[in-house]
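Let's take a walk through this structure together. Have the sequence and the 3D view open, and we will go from the whole chain down to some individual residues.

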Amino acid sequence: GSAPIVMQRNPMFSTINADDITKFKEILGEKNVVQDEEVLLAANTDWMQKYKGSSNLLLQPRTTEEVSQILKYCNSRCLAVVPQGGNTGLVGGSVPVFDEVIINMGSMKNIISFDKDETSKVKAFVPIQSGGRVIFRKTTRAKVIFRNEATVPSLDFGCFVSIRFVMPLDLGAKGSCQIGGNVSTNAGGLRFVRYGSLHGNVLGLEAVLANGTVLDMLGTLRKDNTGYDLKHLFIGSEGSLGIISKVSILTPPKLSSVNLAFLACKDYVSCQNLLLEAKRKLGNILSAFEFLDSHSMDLVLNHLEGVRNPLPPSMHNFYVLIETTGSDQSYDKEKLEAFLLRYMEVGLISDGVLAQDINQAFSFWRIREGVPEALMKAGAVYKYDLSLPIEKMYDLVEEMRMRLGPAAKVVGYGHLGDGNLHLNISLPEYDDTVLGQVEPFVYEWTSKHRGSISAEHGLGLMKANKIHYSKSTESVHLMVSIKKLLDPNGILNPYKVLPSSLTS
Ligand code: FAD
Ligand code: MLT
Ligand code: ZN
């Protein structure tokens, strides 16, 4: 069963009629106005199979102009819409709540241009493009402008851009998520500790407002202090302020030397101290610092095929992945090896292995990246994505475990290097009694420690009414004013992000 969120459809919104369908077919052509039941069932259901809408219509625009015409029309008719990328969101933001029209951005996936320091290797792009024109220019910085987003075709975002440059973002959903969805959620992911937030990496974007106005903010400059930097409003706004139709993003050079260690620690304090040391001693080659507890490891081993623990069975309570990325293979490897040896001697690391080749590195990442999938397979899951002071983070997991007793499995994993905990509660079926013990406790605890109730996933439908745990009343009111200014009829992703009581 799914977790019900009781709310009312906003009666201000119209329902689709035959004239609307005719109009959409005029704008998009027959085949991009989708009413097929199977397609709609998938598009109405989120990745976790927890949130289900009942939309009867999915639109597939191919150009900014088409997005603009659709939105202009929907706004004039007061038809609510949900922008949808790869539908991998984890907070119920990417699917309709009721009968909102789904605007699926999957057809807009061309690379418009790519600047780099040489003009060769054009072919590297061909297999991953769908007919887009690639324009090369001689510059020293690498940027890539995507006309909208592209499904990332392989394990490594780097392949997506070039064999010489990488995406500054990597996450477990890389096989399905889209750049537009990533920017709209301000996704964090596995390399945040190295490259930082998309607020720093996105150089410009184009967005279409609810009334169809196209906002061109597609600059590619590193520095530009002319007035308010409006693009930041759209980064992380989860489709509630506009539809992102183009993005320009910094793509750092792909470095040749990557090393990955899979380690075990006896307790959380050791993980925490190891992080401090890694930041100090590995410095600028540190590219990921991730952790999972033994409960997460058990889930992965029990539910994912072909996954095994690379360390001999023992009573390890925590596992840590440390990745370094640099430009000198022998120097970087020696540096990491010396680091690991030293902290094994002093006892911060209880056991560990260094990946010997790319396949082994992949198998280590599979363990960490496989936790959300394993949780899904295990049954129902309540997911919390929290920013917390690192020294307090795991206390919450332990308190929750005590609170719930044997009724549920409480697991903790996440982006330790960024102070981002994924607290997940796994149980055979959704259970309101358990939920009542978890919430509002988890939000109150986070708020008391001045953390954030959404570190990287967004608020979506799940936490729209919880925003006050992390934001002041004044801030929320200003957000509501901005929403009303940009989308006066509230047609863009209604019921999400902001409390419905303030927006409708
Ligand atoms: P969707 O899920 O389709 O949409 C997400 C939100 O963005 C919705 O509110 C939608 O309305 C809006 N939206 C989508 N496209 C547009 C657009 N073009 N214009 C305006 N609004 C739009 N997230 C992290 O931050 N870090 C992680 O490490 C991470 N790992 C994940 C691992 C797995 C296995 C899964 C399933 C998810 C993970 N996520 C993670 C969550 C999710 O992948 C990200 O939020 C991702 O950025 C969503 O992209 P998407 O294209 O799937 O967007
Ligand atoms: C992750 O880091 O694995 C993702 O954010 C997904 C999740 O939280 O389960
Ligand atoms: Zn995450």
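**A guided tour of the chain**

Of the chain's 504 residues, 46% count as buried. Please keep in mind that this is a predicted model. The chain contains 18 helices and 17 strands. Sequence distance is worth a thought here too: among contacts between residues at least 6 apart in sequence, 74% join residues at least 24 apart.

Cys78 has a phi near 55°, a positive value in a residue other than glycine. Is Cys78 buried or partly exposed? Cys78 has 13 other C-beta atoms within 10 Å, so it counts as partly exposed. Asn186 lies in the loop between α5 (179-185) and α6 (192-195). Asn186 counts as buried because it has 20 C-beta neighbours inside 10 Å, and 20 is the number at which a residue is called buried.

Next, move to strand β8 (residues 202-208), which is mostly covered, with 6 of its 7 residues buried. Strand β8 pairs with strand β10 (residues 243-250) in the antiparallel sense over 6 bridges, and there Glu206 has Lys246 of β10 as its bridge partner. Strand β8 is also joined to strand β9 (residues 214-217) by 4 bridges, and these two run antiparallel. In this pairing, Leu205 has Met217 of β9 as its bridge partner. β8 and β9 form a hairpin with 5 residues between them, and in the turn Gly212 has a positive phi of about 95°.

Now for a helix. How far apart are the end C-alpha atoms of helix α9 (residues 268-281)? They are 20 Å apart, which agrees with the 20 Å that its 14 residues should span at 1.5 Å a residue. Within α9, Tyr268, Ser270, Cys271, Leu274, Leu275 and Ala278 are buried. These residues cover an arc of only 150° around the axis, which means that they lie on the same side of α9. An α-helix has 3.6 residues a turn, so residues three or four places apart point the same way. The face of α9 turned away from its buried side carries the exposed residues Leu276 and Arg280. The buried residues of α9 pack against several elements, including β11 (257-265), β12 (286-293) and α14 (390-404). Just after α9, Gly283 takes a positive phi of about 50°.

Two stops remain. In the loop between α15 (432-438) and α16 (441-448) you will find Pro440; the peptide bond from Glu439 to Pro440 is cis, with omega near 5°. Finally, which residues are around ligand 2? They are Gly172, Val371, Pro372, Asp385, Gly414 and His422. This shell divides into 2 nonpolar, 3 polar and 1 charged.

Notes
Residues numbered from 1 in each chain as written. Chains lettered and ligands numbered in written order. Predicted model: local features only at pLDDT ≥ 70, side-chain atom pairs only at ≥ 80, totals over all residues. Near = placed C-beta within 6 Å. Nonpolar A, V, L, I, M, F, W, Y, C, P; charged D, E, K, R; others polar. Buried ≥ 20, exposed ≤ 12 C-beta atoms within 10 Å, placed from the backbone. Pairing = 2+ DSSP bridges. Contact = placed C-beta atoms within 7 Å. Expected span 1.5 Å × (residues − 1). Arc of directions from axis to C-beta.
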